[in-house]
Amino acid sequence: MNSPVPLTEIWRGPIIESLHHGHALICDDHGEILECWGDPDAIVYPRSSAKMIQALPLVESGAADAFKLTSEHLALACASHQGAAVHTDRVSAWITAMGYQDDDFRCGPQMPQDRAAFNDLIKTDGAPCQVHNNCSGKHAGFLTVSKHLGGGSEYIDPDHPAQQAAFAAFEDVTGEPSPGFAPDGCSAPNSITTMRGIGRAMGWFSGAVDGKNGRHTAAVRLVQAMTEHPLLVAGEKRACTELMRACSEPVALKTGAEGFFVAIAPSRKRGIALKITDGTTRAANCTIAALLVRIGVLDPEHPAAKRFMNAPIRNRRKIVTGQIKPVAELLA
């Protein structure tokens, strides 16, 4: 087993003050590893980076078409949104149209990360609802699959048809049996895999062919939805949204808790997966930007790229004290 390797450096003045280690790989559309840093067999939870995999049954089962879901709905099913009105209004309308209400969610309430929505709740002494949860779009997708398949209300139960379908899709596209799962931050099961497995899955998504079969068609529709609606996938100033907008061609990006990040580049037939082992978001954002530059879909001089890669670190007086940089090997 290989150890995690340095991926992101935190400079202060003339020296590296902190160093973030992790695992990263780039796969082709056949799941073959083209480049790897760290251990491809490291065991990981992909966390929210697996949302597009968990959303495959939403399309493949026929549920999306049965309930006339649009590409906006599919983008939200893959999202970790920040609870802005642009997100919560759409998710609320989605579940209302199916006869559900906020109490039918099983993700739990969460204060929105969107500043306007946060301030509105504070000013009115309001309390967050489950629709504010960053995973409410995914849970709306689970509710839709559950209704379509005739499942019960506890759709996050591992034995529920919605989760069984998600487990089956996960093992298929990762190309390996999952050794288990644990509840994610939103209480839905999150399957364990290897870095190789999640990289293989992202590579498979990049080469999915519309019309080849139900799963391929589902993958194409989900990736297209994400690239068409980057704002719905995350939110303003978030790395997923900003970097998708900045890429020179359609690329689907998805972060996950504890330093995970994935990318799907259909035009290049490339999939990327990375895990920062200390779970730091700043390092995951920097590393994914560097890898997007490496595969040729992101200009390193683009303002969004500079915001996450080689970004200046400023103190409270706005004086530049250092820089967040990818290790030189990522850009060599």
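Begin by selecting Y155, which is buried, with a relative accessible area of 0%. Bear in mind throughout the tour that the model on your screen is predicted.

**The aromatic rings.** A search of the whole structure finds 3 aromatic pairs, and one of them is formed by F142 and Y155, whose rings are tilted, with 6.1 Å from centre to centre and 45° between the planes. F142 belongs to helix α7 (residues 136–149), while Y155 sits in the loop between α7 and α8 (161–174), so the pair ties together parts that are 13 residues apart in sequence. If you now select F142, you will find that this residue is also buried, with a relative accessible area of 3%.

**A charge over a ring.** Next, select K147 together with Y100, and turn the view until you look at the ring of Y100 from the side: K147 lies over its face, at 5.1 Å from the ring centre.

**The hairpin.** Move on to strands β11 (residues 311–314) and β12 (residues 320–326), which pair in the antiparallel sense over 4 bridges. The two strands form a hairpin with 5 residues between them, and in the turn K318 has a positive phi of about 70°.

**The largest pocket.** Now select Q113, N134, R238, T255 and A257, which lie nearest the centre of the largest pocket among the 29 residues that line it. The elements that each give two or more residues to this lining are α12 (239–246), β8 (252–256), β9 (260–265), α13 (281–294) and α14 (303–308), and the largest share, 3 residues, comes from α13. The pocket holds about 540 Å³ of space, and its lining is made up of 9 nonpolar, 14 polar and 6 charged residues.

**The second largest pocket.** For the last stop, where is the centre of the second largest pocket to be found? Select S206, A208, V220, V223 and P266, which are the closest to that centre of the 13 residues in the lining. Helices α9 (195–206) and α10 (214–228) each supply at least two of the lining residues, with the largest share, 5 residues, coming from α10. About 160 Å³ of space lies in this pocket, and the residues around it divide into 8 nonpolar, 4 polar and 1 charged.

Key:
Residues are numbered from 1 along each chain as its sequence is written. This is a predicted model: local features need pLDDT of at least 70, side-chain atom pairs count only at pLDDT 80 or more; totals for chains, interfaces and linings use all residues. Side-chain values use heavy atoms; hydrogens and water are left out. On a 1 Å grid over the protein atoms alone, a cavity is a set of points where a 1.4 Å probe fits but cannot get out, and a pocket is an open set with protein on both sides within 12 Å along at least five of seven lines; lining residues have an atom within 4 Å of a point. Grid points are joined across faces, edges and corners, and a volume is the space filled by probe spheres set on the points. Ala, Val, Leu, Ile, Met, Phe, Trp, Tyr, Cys and Pro count as nonpolar, Asp, Glu, Lys and Arg as charged, and the others, Gly among them, as polar. Buried means under 20% relative accessible area, exposed over 50%, partly exposed in between (1.4 Å probe, protein chains only). Two strands pair if DSSP finds at least two bridges between them. Rings of Phe, Tyr and Trp (its six-membered ring) pair if their centres lie within 6.5 Å; planes under 30 degrees apart count as stacked, over 60 as edge-to-face and the rest as tilted. A charge sits over a ring if NZ of Lys or CZ of Arg is within 6 Å of the ring centre and within 35 degrees of the ring normal.
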